[in-house]
Amino acid sequence: MSALDLLPEAIAGTNAEAADAHARDLDALAAKLERKGLDADALKAKVAAFTVAIPSWGTGTGGTRFARFPGPGEPAGIFDKLDDCAAIHRLCRATPDVSLHFPWDGDDPAALKQKGDALGIGFDAVNSNTFQDQPDQAHSYKHGSLSHQSKATRDQAIAHNIRCIEIGAAIGSKALTVWVGDGTNFPGQQDFTGQLDRYLESAKAIYAALPSDWRMFTEHKIYEPAFYSTIVQDWGTSYLIATELGDKAQCLVDLGHHAPTVNVEMIVARLAAFGKLGGFHFNDSKYGDDDLDSGAIDPYRLFLVMNEVLRAEAKGANLAHMIDQSHNVTDPIESLIASANEARRAYAQALLVDQDALRHAQESNDALLASETLKAAFRTDVEPLLAEVRREAGGALDPLVAYRASGYRQAVAKERPVSSGAGGGIV
Ligand code: PSV
Ligand code: MN
């Protein structure tokens with residue numbers, strides 16, 4: 001018996017216990033929505049269609065430069081990780097796809113596809129990794145990858161990205177996310193322009209290898225691991241690169257990859273306005289790329305981002321939503337469930353915004369009413385609606401309660417080897 005087999009009984013049992021209270025809360029919310037002219041069924045369908053991909057690497061305990069403290073039953077490899085992703089989806093029914101990271105997730109597309117099919121999960125964008133050296137690698141990425149001065153190193157990084165596309169094509173992915181750690185730690189260390197020129201040349205070679213129905217996402221990041229300059233430091237450079245590459249290239253916004261006070265929702269709006277918003281890496285932060293759980297620090301910002309997501313979708317944008325977090329002090333499965341729910345909550349709240357009232361307030365320069373119109377949607381407790389969407393899809397009314405009741409973690413801990421905490425975490 002697999003640990004996944006523990007879930008149906010836990011879901012059924014905990015759902016039965018919560019059924020009465022849930023029905024009453026849902027009725028109250030539906031009545032409130034009706035008074036506002038909103039149809040709960042139509043909202044449910046939209047919320048159900050909103051899904052976020054789970055990053056394979058997010059199922060393991062992360063860490064900082066200081067330490068990593070793995071918990072019991074850590075996934076020992078990609079197949080354990082996929083089991084955990086399937087557990088998350090069965091509980092919350094919001095995460096049908098997994099985003100893989102190579103070479104962390106091996107190089108065996110047939111086995112990955114087989115496992116995914118067996119678990120009933122699909123694969124979202126694949127992520128390349130040229131920010132780390134592999135044991136058998138000919139050329140080091142210590143001083144860069146796609147922008148390295150040495151053509152041999154650049155070619156090696158290009159070949160890795162093309163291999164990611166091949167693996168992705170074999171498992172049903174439709175996008176490649178490229179994030180590079182290239183940059184500098186000292187003023188003068190590199191020529192900004194020469195470095196970007198080399199990066200662009202490499203990116204063009206990768207772009208040329210994309211299947212016709214694929215997209216390539218460029219992900220900007222203000223700092224880390226390079227601390228003076230990074231090659232794709234902001235959305236402006238990401239936009240320039242995506243524009244230079246062509247229609248299949250779009251920008252991916254990792255919410256944590258900005259300075260603390262930056263207006264991220266406005267960046268989202270700008271990219272969407274020019275057709276270059278490709279998708280998201282959801283997480284939350286207080287200071288920098290903290291990779292905290294989505295909605296844990298600033299749920300209002302997440303809501304404002306979702307408000308822009310809805311506007312972009314209304315104009316036809318096809319966005320790839322993914323979580324990119326590091327779980328250092330929590331059970332990663334619990335954090336991923338909570339984050340998927342938070343993303344859906346913010347999306348559902350954004351669906352409640354009275355867009356006519358907002359437009360009217362904007363046109364009449366009524367700043368306070370505009371703000372209150374957004375706040376009215378944000379203040380609405382949509383949890384009963386989210387729970388009902390999960391229940392109707394076979395998931396748990398309260399996925400965290402059901403997960404803990406299932407004993408899934410304890411069961412996998414008996415089968416999986418104890419994970420060593422040695423070394424810092426990479427996130
Ligand atoms: C870099 O910080 C990043 O956000 C990129 O998406 C990586 O591929 C990912 O984190 C995982 O480490
Ligand atoms: Mn990211």
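Author: A residue is buried if 20 or more other C-beta atoms, placed from the backbone, lie within 10 Å of its own, exposed if 12 or fewer do, and partly exposed in between. This is a predicted model, in which local features need pLDDT of at least 70 and side-chain atom pairs count only at pLDDT 80 or more, while totals for chains, interfaces and linings use all residues. Residues are numbered from 1 along each chain as its sequence is written, with chains lettered from A and ligands numbered from 1 in the order in which they are written.

Start with D291, in the loop between strand 11 and helix 9 (helices, H or I with at least four residues, and strands, E with at least two, are DSSP runs numbered from the N terminus). D291 is not a glycine, yet its phi is positive, near 55°. D291 counts as buried because 23 C-beta neighbours fall inside 10 Å.

A second case is R93, in the loop that runs between helix 3 (78-92) and strand 2 (97-99). R93 is not a glycine either, and its phi is positive at about 50°. R93 is also buried, since it has 21 C-beta neighbours inside 10 Å.

Two prolines come next. F102 and P103 are joined by a cis peptide bond, with omega about 10°, and P103 sits in the loop between strand 3 and helix 4. Another cis peptide bond links E224 to P225, with omega about 0°. P225 belongs to the loop between strand 8 (215-219) and strand 9 (229-230). P225 is partly exposed, because 13 other C-beta atoms lie within 10 Å. Apart from its neighbours within four places in sequence, P225 has contacts with F131 and G181 (in contact: C-beta atoms within 7 Å). The C-alpha atom of P225 is also 7.9 Å from that of D182, a residue 43 places away along the chain.

Strand 10 (residues 249-254) runs parallel to strand 11 (residues 277-282), and four bridges join the two. Opposite D254 in that pairing, H281 stands in strand 11.

Strand 1 pairs with strand 2 over two bridges in the parallel sense, and P55 has S99 as its bridge partner in strand 2.

Now for the helices. Helix 5 (residues 151-171) has 21 residues and spans 30 Å from its first C-alpha to its last, close to the expected 30 Å (the expected span is 1.5 Å times one less than the number of residues). Its buried residues include R154, H160, N161, C164 and I171. They pack against strand 3, helix 4 (109-119), strand 4 (122-123), strand 5 (126-128), strand 6 (175-178) and helix 6 (192-208). Just past helix 5, G172 has a positive phi of about 95°.

Helix 12 (residues 367-378) has twelve residues and spans 17 Å from first C-alpha to last, close to the expected 16 Å. T373, L374, A377 and F378 are the buried residues of helix 12. They lie on the same side of helix 12, because they cover an arc of only 140° around the axis (the arc is that of the directions from the helix axis to the C-beta atoms). L368 and S371 are exposed on the other side of helix 12. The cover over the buried residues of helix 12 includes helix 9 (299-314), helix 10 and helix 11 (355-363). Helix 9 is also where the loop of D291 ends.

Methods
Pairing = 2+ DSSP bridges. Contact = placed C-beta atoms within 7 Å.
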